[in-house]
Amino acid sequence: MLLLLLAIVPAETLKAQNDEAADVDVNELVFGHIGDAYEWHIATFGNTSLSIPLPVIVKSSTGWHVFSSSKLEGGEEYEGLYIAEGGAYDGKIVERDAAGAEIRPFDISITKDVLGLFINSAILVVIMIACARWYKKHPVEQSAPRGGVGMMEALILMIYDDVIKGCVGEDYKRYAPYLLTAFFFVLVNNLMGLIPIFPGGANVTGNIAITLVLALCTFLLTNIFGTKEYWKEIFWPDVPTWLKAPVPMMPLIEFFGIFTKPFALMIRLFANIMAGHAAVLSLIAIIFITVKAGPIINGSMTFVAVVFGIFMNALEILVAFIQAYVFTMLSAVFIGLSRVKGHGAK
Amino acid sequence: MGLLTPDPGLLIWMLITFGVVFFILAKYGFPVVIKMVDERKAYIDNSLKAAREANEQLANVKQESEKVLAQAREEQGRILSEAAATRDRIIKDAQERAQREGQRLMDEVKKQIETEKESAIRDIRRQVAVLSVGIAEKIMRNKLADEKEQTELIDRMLDEMIESSKK
């Protein structure tokens, strides 16, 4: 039932828009939902669009500006700032410099993704602190957790015992807080992204800035706490000398590996989540594209789209978990690789 | 493409948010859960160990009690057999003593009888001598004619008597 709702709600939303413009711009529709925005659009009924205005915080050439995003609605200009349409800064707040060219001010607005990030983070923190509080109230000797806390404990232990202990190696306890935080952070954001209406629906983990920060954390942890052996394996690996002596071929490859590993982490999470959202939205968009093809085709395609939409949503729930798991596991593996103690020790 | 260029604003917010979330969870969230789980594990391990030890102790106690029981039984048997031996010995001793005492009494009695017999014989002899003297006097009073013949007769008679008494 829930899944059905997931698929139908965006459909309802889009149907309303459809009344006006029969010609649906699927590209804009899909990317509009995937991308960031200065307001949180919920639905459009006829000519009135229902959306939550969000605070805009911008430092332009004229200083700091803090105002509601509703002031910029419909391409209006406010305090010399407006949302660009087309061009390099499409959809972003810009101002014009003296020459009349669009330039981008320093923009730390609370956008849809930022608010989503806040909400999801708050949810995560509340869940975890509630769990921790449960343990404080129940001494070890009395009872083990059941229900929600039990589920969280099982999840935590699954990551802790299977992934972190297995992949990091000896001093896994030092990295456990980061890896667990990363896992639950990604998981909660992924799952919240699948809920189509307000508190969820922001494509947070499908935004490259988010995955960039996460991958950067893993990158820093990997390289700051790398052992001597780790650096030796990069700059003087155990390969025939001609591969590393006059022309440092292997060291070069290994050196690039330092960057490609977290880069792959970043792209993998971003692309998977973004593609999932795009797929679900595209399937729903089929309904509106086929309106012109007549009621029979439209009806049958609607059925197909809804069925596939449900399937995709179910798949995305799986992907949400798998991507969080994979991100954590690969981070743990990279950290584990940077903690090598030399092969002779084995 | 807009999708592939990270937005600086979002980047900053993400850094702050993730930092705060990480700080809170790393301080108050996961360590608590993991610590409690570890503690529970240790508690379960300890409980299992304690149970195993208790079981072992119980088995030991059983074994020990059996051993004690067997020892007690053995002791009992030993004491019983000792008591029987002592009893037998005491009885035997008593019997021996009684026998010896009896023998001693018999011997004493015999000796007394002997002495008494001897004294009686001596008495008799004396009496006989007195009697003989008396008889002799009487005879002498009656017939002092043949004195020599008379004395010979008396001696002969006395000797005969002594001989017969000695036998």
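This is a predicted model: local features need pLDDT of at least 70, side-chain atom pairs count only at pLDDT 80 or more; totals for chains, interfaces and linings use all residues.
Strands pair here if DSSP finds at least two bridges between them; strands (E, at least two residues) and helices (H or I, at least four) are DSSP runs, numbered from the N terminus.

Residues are numbered from 1 along each chain as its sequence is written, and chains are lettered from A and ligands numbered from 1 in the order in which they are written.

Stay with this sheet and select strand 3 (residues 55-60) of chain A, which pairs with strand 4 of chain A over six bridges in the antiparallel sense. Pick Pro55(A) and you will find Ser68(A) of strand 4 opposite.

**Next sheet**

Two bridges link strand 5 (residues 82-83) of chain A to strand 6 (residues 93-96) of chain A, and Ile83(A) stands opposite Ile93(A). Two bridges also join strand 6 to strand 7 (residues 102-103) of chain A, where Glu95(A) has Ile103(A) as its bridge partner. These two strands of chain A form a hairpin with five residues between them; in the turn, look for Gly100(A), with a positive phi of about 90°.

**A helix pair**

Select helix 6 and helix 8 of chain A: their axes come within 8 Å and cross at roughly 150°. Axes are lines fitted to C-alpha atoms, for helices over the stretch in contact, with angles from 0 to 180 degrees between N-to-C directions. The two helices of chain A are therefore roughly antiparallel (under 35 degrees counts as roughly parallel, over 145 as roughly antiparallel, 65 to 115 as roughly perpendicular, the rest as oblique). Residues making the contact include Leu212(A) and Phe219(A) of helix 6 and Phe263(A) and Met266(A) of helix 8; contact means C-beta atoms, placed from the backbone, within 7 Å.

**The core**

Which residues have the most contacts inside the largest nonpolar core? Select Ile164(A), Tyr175(A), Leu179(A), Leu180(A) and Phe183(A), in a core of 68 residues. Such a core joins buried Ala, Val, Leu, Ile, Met, Phe, Trp, Tyr and Cys residues through C-beta atoms within 7 Å, buried meaning 20 or more other C-beta atoms within 10 Å of a residue's own. Helix 5 of chain A gives the largest share, 15 residues. Beyond its neighbours within four places in sequence, Phe183(A) contacts Ile159(A), Ala324(A) and Thr328(A).

**Last stop**

Finish where the chains meet, with 40 residues from chain A and 31 residues from chain B in contact. On the chain A side, helix 3 gives the largest share, twelve residues.

Notes:
A residue is buried if 20 or more other C-beta atoms lie within 10 Å of its own, exposed if 12 or fewer, and partly exposed in between; C-beta atoms are placed from the backbone. Two residues are in contact if their C-beta atoms, placed from the backbone, lie within 7 Å.
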